[in-house]
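This report describes selected strands, a helix, backbone exceptions and charged pairs in one protein structure. The sequence and the model come first.

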Amino acid sequence: MQEWFTLEENGLFLCFYITQAGQVKFVHLGQEPFREGSLCEEELRGFRLVEVELAGLDRPQERHGTKYIVTAPGYRLLYDSRRDYYNAWGRKLEIVTKDEQTGLFVTSHFQFYDGIFAVRTWTEVENRGADSQTLTFLSTFCLNGIEKEGVLSADEKLRIGIPHNSWQRELQWKFRTPADLGICRVQEGPEIRSSKPVRVTNTGNWSAKEYLPMGSVENTETGSALLWQIEHNGSWHWEISDQTGHLYLLLSGPTENESHWFINLEPGGRFTSVPAAVAAGGGFEEAVGEMTRYRRQIRRKNRDHELSGVIFNDYMNCLWADPTLEKELPLIRAAREAGCEYYCIDAGWYSAGYWWDSVGEWQPSEERFPGGIGRVMEAILF
């Protein structure tokens, strides 16, 4: 069955390898073709198309710490079939793998968008076995060898971008080398026994409270970059670490270890991972441009897309959740004169004192608005 198959779409090159035993290896994604013969069989052992973890199964081979490598039955999935076709968005590739012991079938989806250097990925699992299975991890995207192009070491040529984010500290991209983040190379050869990943995680439905669900890796030697986003308004996880002498990138939604997430798949049951997008470019800025084009392409059409209103919000650098009738009336007049079409009273309108302690009451404060908040509403409307 041994087979190499490559795909070129919109300037993106993807390469896959099916071993003699039937394992599927996702070998390459980038704006340059894969250089055949650059990876030996021992290195390819650590390349995988998807990682899938079921409760109660052994995870042998190279597994240290809580890294999501050599998952079970992920490590024993075998090739079943593939489908390559075009839909309304562009080209679509689907690769199906299976685990004969559990009856689990896994479909890896790769959706391309005409003219854009980006691909959207997600994973679907189906339990065709006779027994119930507990799914505790499922990768959305899984690529080893993100540092393999060029001759310099990863410590010398890679910059990993992490977008820190918090209230009033939004969008702080910080770029570090692998060594800066604690995953410097300390061993030679393909056998790397590290237990340390660079791990970025969100738990809960505030999906950007500490980090944006994004990241990047840039190869300064070759002038190339990958940028990713996990498209989920809840828990998500990504990590970079080492396996068989290379660095891997893995993206997912919620996990059992980080988010206490799992799902029971009864016979016939299905589950689909959260989607993610990966864009390529000749450096970080170019990859950001491709991701922006992709976002504009997938955005749902709506009236606000064509008719964006001008909104004034009284919170940030203004009233700071301390609204009163006396303060709001002159602001409303000024916002109207400036051409604003909407006026937002953000926070504090429901509290006589400190606004945070009564979050959830949602009753207008008589102390802040004598006679009721109606006078402020009338000033906004008329």
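Which residue in β16 is the bridge partner of Phe141? Leu251 takes that place.

## Basis of the model

This is a predicted model: local features need pLDDT of at least 70, side-chain atom pairs count only at pLDDT 80 or more, and totals for chains, interfaces and linings use all residues. Residues are numbered from 1 along each chain as its sequence is written, and side-chain values use heavy atoms, with hydrogens and water left out.

Strand β16 covers residues 246–252. Helices (H or I, at least four residues) and strands (E, at least two) are DSSP runs, numbered from the N terminus. Seven of the seven residues of β16 are buried, so the strand is largely enclosed by the rest of the structure. Buried means under 20% relative accessible area, exposed means over 50%, and partly exposed lies in between (1.4 Å probe, protein chains only). In a regular strand the side chains alternate between the two faces of the sheet. On one side of β16 the buried residues are His246, Tyr248, Leu250 and Ser252, and on the other they are Leu247, Leu249 and Leu251.

β16 pairs with β9 (residues 133–144) in the antiparallel sense over five bridges. Two strands pair if DSSP finds at least two bridges between them. Strand β15 (residues 236–243) also runs antiparallel to β16, joined to it by seven bridges; His237 stands opposite Ser252 of β16. The hairpin of β15 and β16 has two residues between the strands, and Thr244 there takes a positive phi near 45°.

## Helix α4

Helix α4 (residues 284–298) has 15 residues and reaches 21 Å from its first C-alpha to its last, close to the 21 Å expected at 1.5 Å a residue. The expected span is 1.5 Å times one less than the number of residues.

Phe284, Ala287, Glu290, Met291 and Tyr294 are the buried residues of α4. They cover an arc of only 120° around the axis, which puts them on the same side of α4; the arc is that of the directions from the helix axis to the C-beta atoms. An α-helix has 3.6 residues a turn, so residues three or four places apart point the same way. The exposed residues Glu285 and Arg296 are on the face of α4 turned away from its buried side.

## Backbone exceptions

Most residues other than glycine have a negative phi, and most peptide bonds are trans. The bond between Ala72 and Pro73 is cis, with omega about 10°; Pro73 lies in the loop between β4 (52–54) and β5 (78–86).

His260 is not a glycine, yet has a positive phi of about 55°. This residue sits in the loop between α3 (256–259) and β17 (263–265) and is exposed, with a relative accessible area of 66%. Trp320 also shows a positive phi, near 50°. Trp320 belongs to the loop between α6 (315–319) and α7 (325–337) and is partly exposed at 35% relative accessible area.

## Nonpolar surface patch

Trp320 is one of the residues of a nonpolar surface patch of about 930 Å², together with Trp167, Trp206, Met316, Tyr354, Trp356, Val359 and Trp362. Patches are made of residues with over 30% relative accessible area and no salt bridge; like charges are joined within 9 Å, and nonpolar side chains (Val, Leu, Ile, Met, Phe, Trp, Tyr) within 5 Å. Trp356, in the loop between β21 (342–344) and α8 (374–381), is partly exposed at 46% relative accessibility.

## Salt bridges

Side chains of opposite charge can pair when their charged atoms come close. The whole structure holds 20 salt bridges, each a side-chain nitrogen of Lys or Arg within 4 Å of a carboxyl oxygen of Asp or Glu. In one of them, Arg120 meets Glu231 at 2.8 Å, N to O. This pair links distant parts of the chain: Arg120 is in strand β8 (residues 118–127) and Glu231 in the loop between β14 (224–230) and β15, 111 residues apart. Arg120 is partly exposed at 22% relative accessible area, whereas Glu231 is buried at 19%.

Arg45 and Glu42 form a salt bridge at 3.3 Å, N to O. Arg45 is partly exposed at 25%, and Glu42 is partly exposed at 32%. Glu149 and Lys148 form another, with the closest N and O atoms 3.2 Å apart; Glu149 is partly exposed at 28%, while Lys148 is buried at 15%. A network of salt bridges links Glu124, Glu126, Arg128 and Arg270.

Technical notes: Accessible areas come from the Shrake-Rupley method with a 1.4 Å probe; for residues, only the protein chains shown count as cover.
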